[in-house]
Amino acid sequence: MIVAYGVANLLQSIAVARTTVHHTFDPGLLLRLAGHRTYLVGLACQVAGFVLAFLARRDLPLFLVQASVAAGLGVTAILGVVVLKWRLPLAEVVLLVLLFAGITALVLSARPAPSKALGTAGMVALLVTLAVIAVLGFFAVRLRGAPGSVALGSLAGLAFSAAAVAARPLASAPTWDAFLTDPLLYLLVGHSVVGQLLLGLAMQRGSTTAAVAAMDAAGAVPAAIVGLLLLNDKIWPGREWLAGIGFLVTLAAVIGLTRYAEPQHQHAVAHETTRALVGAAPHPAQRTGSLLAPRVEEAPLLALDARREGR
């Protein structure tokens, strides 16, 4: 699951960078992204990770599963080193170690248990949440640059968090008929589609770093709280402190990894334009690469759109 999400992060970031920037809450962005083979492969990895996470939520608490999903960013960094020859600074290496330690603490503290039913009130709350996120996304899409990345990424995280809440009891459906007729299934799909659209829009605003950090922070915490309060998520007695420390360390490491990443799309676009016009040599940051930063030869971006964005 963690590996699948890590590969998806990398491939989808590259594909989104190659797509014309959208300034409206337009589902057509997903159709445009579907025209990129890189995005489709990344989406397939994300679906695989989603299925594995869905199965894990049947018995495992949401604080563990959501933290593991966020930890896919660590896999992205490792893949960048192994496959794309990135050179991670010492700070990112330390954060990767902390990420591994945090996930280990969560695994040791999480107590498997079946979920409680969410109930009608819970489903209504998820439906209202979906509508509120969509409305806020309609207005947030007008923001540009880092503020747009943060706002849209946060909303994407809330949508994915709500999808995780719906998935926890849904995963315990006894039969296929019960699964397919459960309103939670359609709430899960709705939140997932809206979250995917918001994440794509957030990545286009010029900072995948800000988008992913905001998404992970906004996505992990609400699901963990709802799971512990309403869905029968359990912690082994006496290990509550370990769960708390593990969750905070994992979330901080994930956000830290995104914050230490090199600025991505804007630098790649600007330098690609410069090289095309004057034959300049590659920038050192593009030669070494960094976390979630597609290198120029992998992402021939749309320079004019980037300039209009003021990146």
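**A helix pair and its surroundings**

Author: Helices H8 and H10 cross in a left-handed sense, a term that applies if the near helix is turned anticlockwise from the far one by less than a right angle, clockwise being right-handed. The model is predicted, and local features need pLDDT of at least 70 and side-chain atom pairs 80 or more, whereas totals for chains, interfaces and linings use all residues. Residues are numbered from 1 along each chain as its sequence is written, and side-chain values use heavy atoms, with hydrogens and water left out.

H8 covers residues 145-170 and H10 residues 183-204, and the two pack at an angle of about 160 degrees with their axes 8 Å apart. Axes here are lines fitted to C-alpha atoms, for helices over the stretch in contact, and the angles run from 0 to 180 degrees between N-to-C directions. Helices are DSSP runs of H or I with at least four residues, and strands are runs of E with at least two, numbered from the N terminus.

On H10 lies tyrosine 186, which counts as exposed because its relative accessibility is 51%; exposed means over 50% relative accessible area, buried under 20%, and partly exposed in between, with a 1.4 Å probe and protein chains only. The C-alpha atom of tyrosine 186 is 9.8 Å from that of leucine 127, although 59 residues separate them along the chain.

H8, for its part, carries arginine 168, whose partner aspartate 233 sits in the loop between helix H11 (208-230) and strand S2 (234-235), 65 residues apart from it, so that the pair links distant parts of the chain. Side chains of opposite charge can pair when their charged atoms come close. A search of the whole structure finds one salt bridge, and both arginine 168 and aspartate 233 are buried.

Elsewhere, helix H4 (residues 62-70) packs with H6 at an angle of about 160 degrees, their axes 10 Å apart, and H4 passes H6 in a left-handed crossing. These two helices are therefore roughly antiparallel to each other. H6 spans residues 90-109 and includes valine 97, which counts as exposed at 53% relative accessibility.

Note on methods: Angles under 35 degrees count as roughly parallel, over 145 as roughly antiparallel, 65 to 115 as roughly perpendicular and the rest as oblique. A salt bridge is a side-chain nitrogen of Lys or Arg within 4 Å of a carboxyl oxygen of Asp or Glu.
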